[in-house]
Amino acid sequence: MTKEELIEKVASGAGLSKADAARAVNATIGSITSALKKGQSVTLVGFGTFKVSKRKARKGRNPRTGEVIAIKAAKVPRFSVGKSLKDAVK
């Protein structure tokens with residue numbers, strides 16, 4: 001499902017116009033993004049939790065040349081699935 005398809009589903013499910021649904025979806029995504037930028041986690045009970053994890057620096061290989069390269073430490077977004085969503089997909 002694409003973002004546009006999600007907006008259409010939200011619009012039809014909530015009885016909103018596509019423009020209002022697009023604003024709601026964009027606001028939701030923006031709120032989650034800004035919370036993650038601040039290092040906060042976002043928990044949607046039954047759906048899952050978005051959080052930021054720290055990935056350590058490590059060594060990797062350039063697949064083309066085989067040369068060893070250093071990969072810097074980074075903060076990466078993670079998503080943990082909630083029980084209700086996990087059970088629904090089974």
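Colleague: Before we start, what pLDDT do local features need here?

Modeller: Residues are numbered from 1 along each chain as its sequence is written, and side-chain values use heavy atoms, with hydrogens and water left out. The model is predicted, so totals for chains, interfaces and linings use all residues, side-chain atom pairs count only at pLDDT 80 or more, and local features need pLDDT of at least 70.

Colleague: OK, in what order do the 3 strands of the open sheet come?

Modeller: Strands here are DSSP runs of E with at least two residues, helices are runs of H or I with at least four, and both are numbered from the N terminus. Two strands pair if DSSP finds at least two bridges between them. Strand 1 and strand 5 (74-81) are the edges, each pairing on one side only. The pairing is antiparallel, and the order is 1-2-5.

Colleague: Zooming in, how many bridges join strand 1 to strand 2?

Modeller: Strands of a sheet pair through backbone hydrogen bonds, either parallel or antiparallel. In this pair, Thr 43 stands opposite Thr 49 in strand 2. Strand 1 and strand 2 run antiparallel, and the number of bridges joining them is 3.

Colleague: Is Gly 48 buried or exposed?

Modeller: Gly 48 lies in strand 2 (residues 48-55). It touches Val 42, Thr 43, Phe 79, Ser 80, Val 81 and Gly 82, leaving aside residues up to four places away in sequence. The cut-offs for relative accessible area are under 20% for buried and over 50% for exposed, with partly exposed in between (1.4 Å probe, protein chains only). At 4%, Gly 48 is therefore buried.

Colleague: And what about Leu 44, how does it count?

Modeller: Leu 44 is part of strand 1 (residues 42-44). Its relative accessibility is 36%, so Leu 44 counts as partly exposed.

Colleague: On to charges: how many salt bridges does the count come to?

Modeller: A salt bridge needs a side-chain nitrogen of Lys or Arg within 4 Å of a carboxyl oxygen of Asp or Glu. One of them pairs Arg 23 with Asp 20, with the closest N and O atoms 2.3 Å apart. Those two both sit in helix 2, 3 residues apart, about one turn of the helix. By this rule, the count is 3.

Colleague: Which residue forms a salt bridge with Glu 8?

Modeller: The closest N and O atoms of this pair are 3.7 Å apart, and the partner of Glu 8 is Lys 18. The pair links distant parts of the chain, 10 residues apart: Glu 8 is in helix 1 (residues 3-14), and in helix 2 (residues 18-37) we find Lys 18.

Colleague: Last one: what separates Asp 87 and Lys 83 along their helix?

Modeller: Their side chains meet in a salt bridge, at 2.8 Å from N to O. Lys 83 is exposed, because its relative accessibility is 62%, whereas Asp 87 is partly exposed at 36%. Because they are 4 residues apart in helix 3 (residues 83-89), the separation is about one helical turn.

How values were computed. Contact means heavy atoms within 4.5 Å.
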